[in-house]
Amino acid sequence: MDRTRTTRGLNRRACPYTKTPGQHRTRVSEGEHPDTSEEDLHVRLLKRKARENGEGPSSPVDVHRETKDETKLYAAQQLPTHVQRAAFKAKYKQQTKLGEGGCGSVFAGYRKSDNLHVAIKHVPRDSQFIKHVDEHGNTLPMEVAIMLKLAEDTSGSAASSSPISLLDWYDLKRELILVLERPVPCVDLDTYILSKGGSLEEEEAKIILKQLLDALIELQDKQIFHRDIKVENILIETGLDVPRVRLIDFGMSCFVKRGSTYRDFYGTPNHIPLELYISEHYRAGPTTAWQLGVVLYETVHRNKYFETLKFLSDNLRFSKKLSNDCKDFLQRCLTEDPKQRLTLEQLNQHPWIR
């Protein structure tokens, strides 16, 4: 587990973690997923490398229906592809690549009219795993639907944590282009940890985790399940007196109803919640608490990365240098039984975070 933070592999990329291709499975729009036949867990794990290298479900679609009339949001996206692409090139200048993940590539850029810094995300058509359908039959990528939902309430303080904003989007035949807010200066949390020597002091980690927890509670209140909370998907604005947390990459996200369970995992394989291995299903709240624990573990343990299977086999230990409250917070996030894991609201009242 001792690795430098510059040697991150494909197992850190988000991807759909699904049943093997030969196994029958049926997708449903919401609620309980249908039972599927038992499959040896270790076989699934051996086969996941193929999926990480680009193989995904053959036709993954998760439909969510809402009552909000969003017809006006689709006008520009109904234009011919070449018109949309020309409009994008006329409005924005794309520059160097910032990063690449399991669902697309992100480039730096700026808006030509005012030189506003933007991030430009290209998502190939075959990587758009989840779709949203409103009550009028309008279909759009789930990532867009999620970010439009988040944009409905912008009343939060500028000093608080918040998701990165969607500024523009172009739904082309072969790819989806998202134009996103790009704070400057900023780095992802993984890079920020590296700049601090491979781990953060507990007090600074607490500042970041508190902001992250507040942001996750806000997502939960809006029935949004991110599904891939990790250090690479957390931006840190570094030009402020106190580091500011910004959430990014909603490509694996979905809307969720109370009580919904899931059997297909969309996210980073090494961060799969323990219950998926044990009981073959997982829920939004306990999974988000689990991933919060993963982030804290990787933040305060020098040059170490979390792997659920190693945690399951008790090969991961908490540092003796951590305070008792910090270790207890970690344990409460990473409790084996999801029913015993603290909720986000309960974690927000934990002595370590207060």
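This is a predicted model: local features need pLDDT of at least 70, side-chain atom pairs count only at pLDDT 80 or more; totals for chains, interfaces and linings use all residues.
Residues are numbered from 1 along each chain as its sequence is written, and side-chain values use heavy atoms, with hydrogens and water left out.

**Figure 1. The protein as a whole has ten helices and 17 strands.**
Helices (H or I, at least four residues) and strands (E, at least two) are DSSP runs, numbered from the N terminus. Of the 354 residues, 52% are buried; buried means under 20% relative accessible area, exposed means over 50%, and partly exposed lies in between (1.4 Å probe, protein chains only). Among contacts with a separation of 6 or more, 67% are between residues 24 or more positions apart, where contact means heavy atoms within 4.5 Å. The accessible surface comes to about 16600 Å², and carbon and sulfur atoms account for 50% of that. Accessible areas come from the Shrake-Rupley method with a 1.4 Å probe, and for residues only the protein chains shown count as cover.

**Figure 2. Five strands form an open sheet in the order β2-β3-β4-β9-β8.**
Pairing in this sheet is antiparallel; two strands pair if DSSP finds at least two bridges between them. On average, neighbouring strands are turned by 25° against each other, direction ignored. Axes here are lines fitted to C-alpha atoms, for helices over the stretch in contact, and angles run from 0 to 180 degrees between N-to-C directions. Within the sheet, β3 (residues 104-111) and β4 (residues 116-124) run antiparallel and are joined by seven bridges. If you want a pair to look for, find Phe107, which stands opposite Ile120 in β4. Helix α2 (residues 81-91) packs on the sheet and touches β2, β3, β4, β8 and β9 (175-181). The direction of α2 makes about 150° with that of β8.

**Figure 3. Strand β12 (residues 234-237) is covered on both faces.**
Ile234 and Ile236 lie on one side, Leu235 and Glu237 on the other, and all four are buried. In a regular strand, side chains alternate between the two faces of the sheet. β12 pairs with strand β10 (residues 186-188) in the antiparallel sense over three bridges, and here Val187 has Ile236 as its bridge partner. β12 also pairs with strand β13 (residues 244-247), again antiparallel, over four bridges. In that pairing, Leu235 has Arg246 of β13 as its bridge partner. A hairpin of six residues leads from β12 to β13.

**Figure 4. Salt bridges come into view, 18 of them in the structure.**
A salt bridge is a side-chain nitrogen of Lys or Arg within 4 Å of a carboxyl oxygen of Asp or Glu. Side chains of opposite charge can pair when their charged atoms come close. Back to our opening pair: Asp214 and Lys210 both lie in helix α5 (residues 202-221), four residues apart, about one turn of the helix. Asp214 counts as partly exposed because its relative accessibility is 33%, and Lys210 does so at 22%. Lys222 and Glu218 form another salt bridge (3.4 Å, N to O). Buried or partly exposed: which describes Lys222? Lys222 is buried, because its relative accessible area is 13%, whereas Glu218 is partly exposed at 29%.

**Figure 5. Arg332 and Asp328 meet in a salt bridge at 3.4 Å, N to O.**
Both residues belong to helix α9 (residues 324-333), where they are four residues apart, about one turn of the helix. Arg332 is partly exposed, with a relative accessible area of 37%, and Asp328 is partly exposed at 30%. Elsewhere, salt bridges that share partners join Glu181, Glu237, Arg244 and Arg246 into one network.

**Figure 6. Ile278, Leu309 and Leu312 make a nonpolar surface patch of about 240 Å².**
Patches are made of residues with over 30% relative accessible area and no salt bridge; like charges are joined within 9 Å, and nonpolar side chains (Val, Leu, Ile, Met, Phe, Trp, Tyr) within 5 Å. Leu312 is found in helix α8 (residues 308-312) and is partly exposed, with a relative accessible area of 39%.
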